[in-house]
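The sequence and the model are shown first, and the description follows.

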Amino acid sequence: MEAESEFKEYYAKNMRGISGWFKARAYTIERWLYAAHRITGILIVLFVLAHFYSTGWHPGLWWDALLGIIVTFHTANGIRLILAELGFAVGKPLLVKKPSQRPVSIEGVQRYLVVFALVLFFVLAAIWAYYALVVQPMMG
Amino acid sequence: MSSEEAKEYALPPEVLEETIRASEELWKPVRKIKFRIYKYNPRKDYAPHWEEHELEVSRGMTVLDALLVIKGEMDHSLGVRYSCRMGLCGSCAMMINGKQMLACQTRVLEAAGDGDVVELRPLDNFPVERDLAADFTSFFEKHKAVKPWIIRNDEVELNNPTGPYKQTVDEYARYYQFTDCIKCGACLSACPTAATDYEYLGPQALAQAYRYMVDTRDDGLDVRIPIVDSEHGCWRCHFAASCSDVCPRGVDPAQGIQLLKKLLIKRKFGFKPHKPAEALPAKVKAERKE
Amino acid sequence: MRESTVMFLHYITAILIAITGLIHLLANNDPGIGAVIKANSALYFGNMAIFLAALLYHAFNGVRVILIEMVPDKCWTKWISWAVLIVGIVTYAVGLQVLMVALGFA
């Protein structure tokens with residue numbers, strides 16, 4: 001009886017649950033960045049805990065490059081989020097709207113900020129990969 | 001109007017013919033579309049099930065038109081909520097092929113795209129009332145929680161009004177965009193935070209809070225701050241921007257929430273956006289005195 | 001503490017992590033710049049102390065945000081905040097000692 005009422009409640013509430021965080025299809029790129037930011041954040045916390053537990057631990061060579069992708073994505077997207085969330089890149093409210101107005105916060109200055117964040121991500125990830133794959137092995 | 005005048009204003013026959021032809025073209029059935037409709041009554045059913053109906057649709061047919069045909073001719077028990085049929089009331093928001101849209105403003109062929117299936121579900125993250133209708137009780141409670149009305153402290157003026165409150169066009173432009181909200185629930189439904197956090201105020205309520213906080217006639221900034229600056233308030237927004245993406249009225253709630261955060265940080269450092277507007281001496285009253 | 005204070009510090013620590021973390025990375029991965037940075041070990045210790053504090057605040061506040069979105073219940077929210085705060089302070093105390101040993105201050 002208990003199980004049955006829970007089953008009913010699940011469908012009556014119709015909440016997407018944690019899968020709703022990652023339902024990015026059909027929406028704009030910001031939704032993908034949101035999902036990726038959350039996943040990379042959790043992965044970095046896991047890495048940091050391991051890095052503390054046996055001091056200075058890091059996964060080594062190719063895994064280091066992967067760690068670089070995770071950390072640099074979180075950094076580059078974080079810069080975009082700080083600017084956007086403190087209201088600096090989302091534009092001003094409109095006084096006149098077109099019949100099917102697209103949101104200014106998505107398709108205004110913020111679009112350039114997304115491009116900037118992605119470019120910064122690739123550059124930083126490339127530099128990190130260079131250090132992880134070339135400089136680190138030389139240092140021994 | 002005399003018959004001569006009527007002749008003058010009448011369309012030339014070839015234009016009239018063309019208009020009639022175009023109109024017939026718009027409503028001529030062109031393709032067979034399969035509708036997958038979510039059927040669930042939480043008071044009766046153990047689990048939801050899907051029902052499929054095939055319908056010949058025309059170019060001008062909206063999803064709501066199709067639903068009304070299905071309700072009238074195929075399945076009388078279909079639960080669907082609508083009222084104005086022109087995107088002004090916000091009753092018919094639903095998931096159309098996995099995205100929050102107004103059924104009355106989405107044409108079937110537009111929603112189907114290249115495929116021939118249109119999948120209809122009630123709004124995500126809202127309790128189901130029946131079939132395609134969602135329960136908006138908590139949504140409206142969240143809207144009420146941010147005190148969406150003008151708060152004033154000048155009792156003398158309120159009791160004996162001397163005129164309208166002063167407001168320039170620039171001050172009006174700060175909040176006009178957010179007044180277009182029709183409370184269709186699409187933004188809260190699209191919000192990833194709302195997928196787990198049922199306490200979250202949601203894009204609609206937070207955008208409305210911002211709309212009243214920057215209104216120059218309003219004096220309730222410090223009354224609303226404890227409400228929107230709570231653990232389930234505006235800081236649970238992480239700018240996934242889906243709310244603005246799905247908004248059928250171009251309200252852009254994501255922008256409102258980010259500006260609200262900026263306002264809260266500025267308030268933390270002692271900044272207040274405006275002084276409450278003064279009343280203009282009314283012309284009518286002055287004339288009456290003389 | 002108001003949520004806006006918590007989240008404003010979240011952004012401030014994010015910027016601090018980007019700066020101090022870069023110094024930490026260069027010190028350990030670039031032989032040339034690393035020698036210059038590690039020459040003054042007191043300053044590098046200061047950098048690491050700030051980095052550790054900012055990183056722990058940012059990481060544990062991030063975990064708290066995710067947890068209270070997952071479990072929005074009022075009572076749980078309070079307990080999550082306290083638990084995360086205590087775990088964070090303990091981790092910082094232990095981490096600072098490890099740093100002092102590693103950099104030769106103890």
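In this predicted model, 14 residues of chain A are in contact with 14 residues of chain C. On the side of chain A that touches chain C, the elements that give two or more residues are H2, H3 and helix H5 (109-139) of chain A. By class, that side consists of nine nonpolar and five polar residues, with no charged residues.

Chain A also touches chain B, in a contact that takes 34 residues from chain A and 40 residues from chain B. Here the elements of chain A that give two or more residues are helix H1 (2-13), helix H2 (29-53), helix H3 (61-85) and helix H4 (104-107). H1(A) provides the largest share of this side, with four residues. The side of chain A that touches chain B has 18 nonpolar, eight polar and eight charged residues.

| Contact of H3(C) with H4(C) | 17 residues | five residues | one residue |

**Chain A**

The secondary structure of chain A comprises five helices and zero strands, and along the sequence the pattern reads α-α-α-α-α. The radius of gyration of chain A is 21 Å, well over the 14 Å that the globule rule gives for 140 residues, so chain A is more spread out than a compact globule. Taken along the principal axes, the box filled by its C-alpha atoms is roughly 60 × 55 × 25 Å. Of the 140 residues in chain A, 27% are buried. Where contacts in chain A join residues at least 6 apart in sequence, 65% of them link residues at least 24 apart.

**Chain B**

Chain B contains 13 helices and seven strands. Its radius of gyration is 24 Å, well over the 19 Å given by the globule rule for 290 residues, and chain B is therefore more spread out than a compact globule. The C-alpha atoms of chain B fill a box of roughly 65 × 65 × 30 Å along the principal axes. Buried residues account for 42% of the 290 residues of chain B. Among contacts in chain B with a separation of 6 or more, 69% are between residues 24 or more positions apart.

One position in chain B may be described individually. B:Thr162 lies in the loop between helix H6 (155-159) and helix H7 (169-173) of chain B. B:Thr162 counts as partly exposed because it has 13 C-beta neighbours inside 10 Å. From B:Thr162 to B:Val228, which is 66 residues away along the chain, the C-alpha separation is 33 Å.

**A helix pair in chain C**

In chain C, the axes of helix H3 (residues 41-70) and helix H4 (residues 74-102) come within 10 Å and cross at roughly 160°. Angles over 145 degrees count as roughly antiparallel, and H3(C) is therefore roughly antiparallel to H4(C). The crossing of H3(C) past H4(C) is right-handed. Residues of H3(C) in this contact include C:Phe45, C:Leu52, C:Phe60 and C:Arg64, while those of H4(C) include C:Ile80, C:Val84, C:Gly88 and C:Tyr92. By class, the contact of H3(C) with H4(C) has 17 nonpolar, five polar and one charged residues.

Definitions and conventions. Residues numbered from 1 in each chain as written. Chains lettered and ligands numbered in written order. Predicted model: local features only at pLDDT ≥ 70, side-chain atom pairs only at ≥ 80, totals over all residues. Rg over C-alpha atoms; globule rule 2.2 N^0.38 Å. Buried ≥ 20, exposed ≤ 12 C-beta atoms within 10 Å, placed from the backbone. Contact = placed C-beta atoms within 7 Å. Axes fitted to C-alpha atoms, helices over the stretch in contact; angles between N-to-C directions. Parallel < 35°, antiparallel > 145°, perpendicular 65-115°, else oblique. Left-handed = near helix turned anticlockwise from the far one by under 90°. Nonpolar A, V, L, I, M, F, W, Y, C, P; charged D, E, K, R; others polar.
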